[in-house]
Amino acid sequence: MKKKIQDYIESKKLFYFSDKLIIGLSGGADSVFLLHILHKLGYQCIIAHCNFHLRGEESMRDELFVKELSKNYQLPFYKIDFDTFSYAKENKISIEMAARELRYQWFEKLRVQEKATFIATGHHEDDN
């Protein structure tokens with residue numbers, strides 16, 4: 001499978017080994033697999049985790065899991081906390097839209113700060 005993924009990345013010219021990638025790591029299966037395969041293939045990965053504080057203790061467990069994963073992979077780890085409910089209310093948007101806006105604004109700031117080339121996020125076929 002690793003070879004097929006590498007061939008796909010190369011054939012589509014998605015990115016190169018010289019590129020630095022910000023990996024949006026939620027702690028879910030999609031983003032963990034994305035990190036795992038890109039790291040195994042040898043890409044330069046930086047882990048970025050957003051804690052939206054939407055699911056109480058589960059949010060904290062995700063954060064701790066991602067932090068531990070970054071230690072195991074020996075990769076740079078950045079995280080940010082958001083007051084997602086307040087942002088949604090102030091901007092009169094849904095919680096989902098608020099989280100999306102906050103996440104991608106921060107990812108872009110981090111990309112510039114770290115001189116990374118791309119931001120990668122893991123999604124499965126049914127994600128909207």
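A disulfide is defined as a pair of cysteine sulfur atoms within 2.5 Å. By this criterion, the structure, a predicted model, holds zero disulfides. The sulfur of C50 lies 16 Å from the closest cysteine sulfur, that of C45, which is too far for a bond. Both cysteines are buried, a term denoting under 20% relative accessible area, with over 50% called exposed and values in between partly exposed (1.4 Å probe, protein chains only): the relative accessible area is 4% for C45 and 10% for C50.

In this predicted model, local features need pLDDT of at least 70 and side-chain atom pairs count only at pLDDT 80 or more, whereas totals for chains, interfaces and linings use all residues. Residues are numbered from 1 along each chain as its sequence is written, and side-chain values use heavy atoms, with hydrogens and water left out.

Helices (H or I, at least four residues) and strands (E, at least two) are DSSP runs numbered from the N terminus. Helix α5 comprises 19 residues, 95–113. From first C-alpha to last, α5 reaches 27 Å, close to the expected 27 Å, the expected span being 1.5 Å times one less than the number of residues. The buried residues of α5 are A98, A99, L102, W106, F107 and L110. Viewed down the helix axis, these residues fall within an arc of 150° and so line one face of α5; the arc is that of the directions from the helix axis to the C-beta atoms.

The buried residues of α5 pack against strands β1 (20–24), β2 (44–51), β3 (77–81) and β4 (118–121), and against helix α4 (84–91), contact meaning heavy atoms within 4.5 Å. Just after α5, K115 adopts a positive phi of about 55°.
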